[in-house]
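Here are some notes to read beside the model. Please keep the sequence and the 3D view open while going through the points.

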Amino acid sequence: MRIDELKPREVFRYFEEISKIPRGSGNMEQIKCYCRDFAQKHGLGFCCDEYGNVMIFRDGTNGRINSEPVILQAHLDMVCEKNGNSERDMEKEGVELVTDGNYLWADGTTVGGDDGIGAAYILAVLASKDIIAPPIEALLTVDEEIGMLGAKALDTTYLKGRRLINIDSEQEGILIAGCAGAARLDCKNPLTFTKPSKDIISVKIIVDGLSGGHSGLDINKRRKNAARTLAELMYILNKNIGISIADIRSGGKLNVIPRTAEAVVCFNEKFHEEFNRLTADFNKELSLECGNIEPEAEAYAQSVQNVSWAADKDSTAKIIFALMNSFNGIYLMSGEAPELVETSSNIGSVSISGHYLETGIMVRSNTEYGKRTVIRRHEAFMEYIGGKLSLNDEYPAWEYSESSPLREIMAGVYYSMYGKKAEISTAHIGLECGILSEKLRGADMLSFGPDIVNVHTPNEKISVKSVAACWEYFLNVLELLAESN
């Protein structure tokens with residue numbers, strides 16, 4: 001089935017167009033030019049602030065020029081992840097869309113539904129002369145996925161609206177009214193290296209086939225972290241045959257649960273048979289433990305050329321200890337909504353650079369106290385093992401407001417369409433609403449979006465049916481907002 005056969009055609013048309021453009025975080029120039037050309041083509045007001053955030057303006061329809069404006073907000077950047085066998089250069093190429101009519105995905109890469117679908121909704125509204133809506137202030141931010149840098153730098157001079165709809169949620173029927181804040185922790189641990197003796201061989205060990213996922217949305221789905229899993233295998237090997245670690249790599253993006261990890265380890269050649277047995281036994285354990293949750297999980301070894309340098313005994317032990325004991329996963333569930341995660345931590349990147357073990361960690365919490373608590377826990381741990389921690393790219397939680405006329409309107413539209421109440425919730429994800437609520441004082445905000453699964457992984461899929469349902473809902477919301485002041 002072709003993409004242009006999917007409905008709503010106007011939404012999927014714009015999603016297909018922006019999907020042809022490489023738009024990973026930090027690679028925004030082409031998509032900004034696309035937005036500028038789009039605005040010019042449709043005779044719409046356009047501006048781009050100093051950082052690169054895009055704003056496009058559309059008058060209200062059918063005499064609604066003086067209605068209270070509404071800000072429609074999404075982010076233009078996406079997380080670029082791909083399978084190991086994909087040859088696509090996501091710095092230079094867009095993604096290749098695939099559909100069966102029920103779902104939309106990309107061939108071997110993330111599809112960029114987060115937040116390309118939100119941007120496509122907004123572009124479709126801006127392009128239409130028939131959709132009934134109040135004056136629209138479209139805010140398309142950049143570099144959301146690497147610390148919400150665009151939102152932090154946003155110049156709000158041209159934004160007059162104080163009603164904001166964020167289209168960056170991934171569950172239809174749930175209206176998000178609050179979200180987690182987060183912080184990025186960059187950790188460095190000094191290592192000592194030594195030259196292996198002649199009877200030492202080098203082997204690469206790999207953990208692969210894990211599901212990964214969004215480090216907030218999927219942190220409660222019992223998905224393994226590849227870096228932690230690899231550390232467990234290295235602990236077993238070190239305890240039984242003694243190893244030295246020459247290199248280790250896992251992840252790279254802190255808002256993604258690592259799917260793969262690999263390390264080059266060195267050991268005495270006489271233990272090669274024992275090494276193979278221990279690795280095979282661990283692989284069996286991993287398969288049994290992951291079961292139906294991550295059925296493709298595996299651990300295996302590959303031959304490599306012998307290395308010239310490797311971490312000494314103490315540094316090898318430090319690497320293993322750091323990765324096995326640095327806090328990862330759920331720290332606290334919500335006391336008000338027991339099914340929701342309140343505070344968590346994700347080891348998102350691991351590498352050896354120079355003479356240091358470098359780990360990148362994202363801490364999320366729906367409360368400021370929870371975020372501070374876990375940050376202090378990481379700080380104390382780093383001090384204990386002789387490392388250093390720096391705190392970067394911190395952003396606040398978006399706190400739930402008891403009073404929200406926008407929420408009442410959007411919940412009312414949902415009830416009138418479906419005869420049931422929409423679920424109003426807070427989410428353990430980062431939305432730009434936390435930052436925007438500080439920049440746009442007094443703004444009334446709510447977030448929604450269609451069903452998207454396996455976000456931030458090459459298994460990401462967008463529900464076509466849900467996109468259509470949310471589009472119809474969105475149009476009804478805009479029509480009602482045009483009538484209300």
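1. One aromatic cluster is formed by Tyr121, Tyr414, Tyr418, Phe448, Trp471, Tyr473 and Phe474. The model is a predicted one, and the structure holds 13 aromatic pairs.

2. A pair of aromatic rings is described by the distance of the centres and the angle of the planes. The ring centres of Phe327 and Tyr331 are 5.6 Å apart and the planes stand at 90°, so this pair is edge-to-face. Phe327 is buried, with a relative accessible area of 14%, while Tyr331 counts as partly exposed at 33%.

3. For Tyr414 and Tyr418, the ring centres are 4.7 Å apart and the planes are at 45°, so the pair is tilted. Both residues belong to helix α9 (residues 405-418), where they are 4 residues apart, about one turn of the helix. Is Tyr414 buried or exposed? Tyr414 is buried, because its relative accessible area of 9% is under 20%. Tyr418 has a relative accessible area of 33% and is partly exposed.

4. Helix α3 covers residues 113-127. At 1.5 Å a residue, its 15 residues should span 21 Å, and the C-alpha atoms at its ends are 20 Å apart, which agrees. Of the 15 residues of α3, 14 are buried, so the helix is largely enclosed by the rest of the structure.

5. Two lysines are placed over aromatic rings. The charged end of Lys188 sits over the ring of Tyr356, 4.4 Å from the centre of that ring. Lys461 lies over the face of Trp105, at 4.8 Å from the ring centre.

Note on methods: Residues numbered from 1 in each chain as written. Predicted model: local features only at pLDDT ≥ 70, side-chain atom pairs only at ≥ 80, totals over all residues. Heavy atoms only, no water. Helix = DSSP H or I, 4+ residues; strand = E, 2+ residues; numbered from the N terminus. Expected span 1.5 Å × (residues − 1). Buried < 20%, exposed > 50% of the residue type's maximum accessible area, 1.4 Å probe, protein only. Phe/Tyr/Trp six-rings, centres within 6.5 Å; stacked < 30°, edge-to-face > 60°. Lys NZ or Arg CZ within 6 Å of the ring centre and 35° of its normal.
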